[in-house]
Amino acid sequence: MDTLGCEESETPQGGPNGLDGASGQEETARVYQAVTRLPCKLRQAIVLHYLDQLSISEAADAAGVRQGTLKSRLNRGLEALRKVLDEQ
């Protein structure tokens, strides 16, 4: 399996474009920090689909998994991300 998004030192690239101003930048930084705390496979799915803006099919191919597996990881990753953000 590809390690994209699984390197410990890797910082997610890309991101939402709709946040402006200081509070938007702070929120973006908070979300990016939370993403880095996710387990490798969940982080990889989140980065490929939401930050790199790949389709489910493209993200699954990049991760070397089936589409259903990627969808499951996205679901679990979003749940984990909510928990991490609630802790902050």
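1. The structure is a predicted model, in which local features need pLDDT of at least 70, side-chain atom pairs count only at pLDDT 80 or more, and totals for chains, interfaces and linings use all residues. Residues are numbered from 1 along each chain as its sequence is written, and side-chain values use heavy atoms, with hydrogens and water left out.

2. Helix α2 spans residues 40–51 and helix α4 residues 67–87; they pack at an angle of about 100 degrees, with their axes 8 Å apart. That makes α2 roughly perpendicular to α4 (a term for angles of 65 to 115 degrees). Helices are DSSP runs of H or I with at least four residues, and axes are lines fitted to C-alpha atoms over the stretch in contact.

3. In this contact (heavy atoms within 4.5 Å), residues of α2 including Leu42, Ile46 and Tyr50 meet residues of α4, among them Leu70, Leu74 and Leu78. The contact residues divide into eight nonpolar, three polar and three charged.

4. Nine of the 12 residues of α2 are buried, so the helix is largely enclosed by the rest of the structure (buried means under 20% relative accessible area, with a 1.4 Å probe and protein chains only). Arg43 and His49 are among the buried residues. Just after α2, Gln53 takes a positive phi of about 60 degrees.

5. Not counting residues up to four places away in sequence, Leu81 touches Val31, Ala34, Val35 and Leu38.

Key
Axes are lines fitted to C-alpha atoms, for helices over the stretch in contact, and angles run from 0 to 180 degrees between N-to-C directions. Helices (H or I, at least four residues) and strands (E, at least two) are DSSP runs, numbered from the N terminus. Angles under 35 degrees count as roughly parallel, over 145 as roughly antiparallel, 65 to 115 as roughly perpendicular and the rest as oblique. Ala, Val, Leu, Ile, Met, Phe, Trp, Tyr, Cys and Pro count as nonpolar, Asp, Glu, Lys and Arg as charged, and the others, Gly among them, as polar. Buried means under 20% relative accessible area, exposed over 50%, partly exposed in between (1.4 Å probe, protein chains only).
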